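Dear colleague,

I am passing on the structure we spoke about, and I would be glad if you kept it open while reading the notes that follow.

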Amino acid sequence: MKPDREVEPLPEAPATAAAYLGDRFALMQRFAEHLADTGVSHGLIGPREVPRLWERHVLNCVGVQELIEPDAHVADVGSGAGLPGLVIAIARPDLQVTLVEPMLRRVNWLDAVRSDLRLDNVTIVRSRAEQCTDLEVDVVTSRAVARLETLSQWSLPLLRSGGRMLALKGSSAQEEIDEARSQIESMGGSDVEVLTCGAAVVDPATSIVSVRVPHRLERRPAPSRKSRAGKQSAKRGPDRQNRRK
């Protein structure tokens, strides 16, 4: 009988990955190997995710870089296993990427991977997004962190004037927009829409909720984790369509 947590080997990357990433493919391959090895042993990726690691995780994230302008400063909130933050940094060396992650275990793993891959364009901040009062960036990304109503309160205040939030979502994207639109607009967000990206490298393409902020937002007290948990349980539970970190 096989052990319950025996890890399947990392499968070969799809041919589309090498074509899409070009000279960045080798580095992305090394990142995928980290995920399949220490990412599993550190509890950042489930062992059953390894056989579908490329399509469901790495390539699901890489397409978001299509929506980011050259030389931008990106903050990835709740970075976890570096999805999408490290994927973006690998694919786009022109970008400055700040990984925001509160858990020490995950921060240590991210730092080890950053060092091994020699990603000079990556900074790691151990903090919750709502506590990063000095951070001001062009783009905020996230994946499987919270529903949009809460996520917007954490992400939008980090953006400078003209900035953009790009939240990777699953099939719940439009539903979450409908729930959160009035709050987002009251905060000063605009152009709230669902976009798709990465069609050249993954099928189905990745769904992204995009929100722009014409002007730098005034920071408001963020919802506590306790109150957020209570509010989610009063509804039908948090988004699990894309909970893959």
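**The enclosed helix α4**

The residues of α4 that are buried are L53, W54, H57, V58, L59, N60, C61 and V62. Please bear in mind throughout that this is a predicted model. Helix α4 spans residues 53–62, and because eight of its 10 residues are buried, the helix is largely enclosed by the rest of the structure. Among the elements that cover these buried residues are the helices α1 (15–21), α2 (25–36) and α5, together with the strands β4, β5 and β7.

**The sheet and the helices on it**

The strands β4, β5 and β7 belong to an open sheet of seven strands with mixed pairing, whose order is β3-β2-β1-β4-β5-β7-β6. The edges are taken by β3 (122–125) and β6 (190–197), and each of these has a single partner strand, so one side of each is left without a neighbour in the sheet. From one strand to the next, the twist averages 20°.

Helix α6 (residues 104–117) lies across β2 and β3, and runs at about 165° to β3. Helix α7 (residues 148–155) also packs on the sheet, where it touches β1, β4 (137–143), β5 (159–169) and β7 (206–213), and its direction makes about 145° with that of β5.

**The nonpolar cores**

The largest nonpolar core has 50 residues, and those that touch the most other members are M28, F31, L35, L86 and W109. Two or more residues are given to this core by each of the elements α1, α2, α4, α5, β2, α6, β3 and β5. To look at one of these residues in detail, take F31: leaving aside residues up to four places away in sequence, F31 touches A81, G82, L83, L86, V87, I90, W109, V113 and L117. There is also a second, separate core of 28 residues, which includes L151, M165, A167 and M187.

**Backbone details to check**

In general, most residues other than glycine have a negative phi, and most peptide bonds are trans.

- L83 and P84 are joined by a cis peptide bond with an omega of about 10°, and P84 lies in the loop between β1 and α5 (85–91).
- D203 and P204 are likewise joined by a cis peptide bond, with an omega of about 5°, and P204 lies in the loop between β6 and β7.
- R118, although not a glycine, has a positive phi of about 55°; R118 lies in the loop between α6 and β3, and is exposed, with a relative accessible area of 72%.
- A144, also a residue other than glycine, has a positive phi near 55°; A144 is found in the loop between β4 and α7, and is buried, with a relative accessible area of 17%.

With best regards

Note on methods:
Residues are numbered from 1 along each chain as its sequence is written. This is a predicted model: local features need pLDDT of at least 70, side-chain atom pairs count only at pLDDT 80 or more; totals for chains, interfaces and linings use all residues. Side-chain values use heavy atoms; hydrogens and water are left out. Two strands pair if DSSP finds at least two bridges between them. Helices (H or I, at least four residues) and strands (E, at least two) are DSSP runs, numbered from the N terminus. Axes are lines fitted to C-alpha atoms, for helices over the stretch in contact, and angles run from 0 to 180 degrees between N-to-C directions. Contact means heavy atoms within 4.5 Å. Buried means under 20% relative accessible area, exposed over 50%, partly exposed in between (1.4 Å probe, protein chains only). A nonpolar core is a set of buried Ala, Val, Leu, Ile, Met, Phe, Trp, Tyr and Cys residues joined through side-chain atoms within 4.5 Å.
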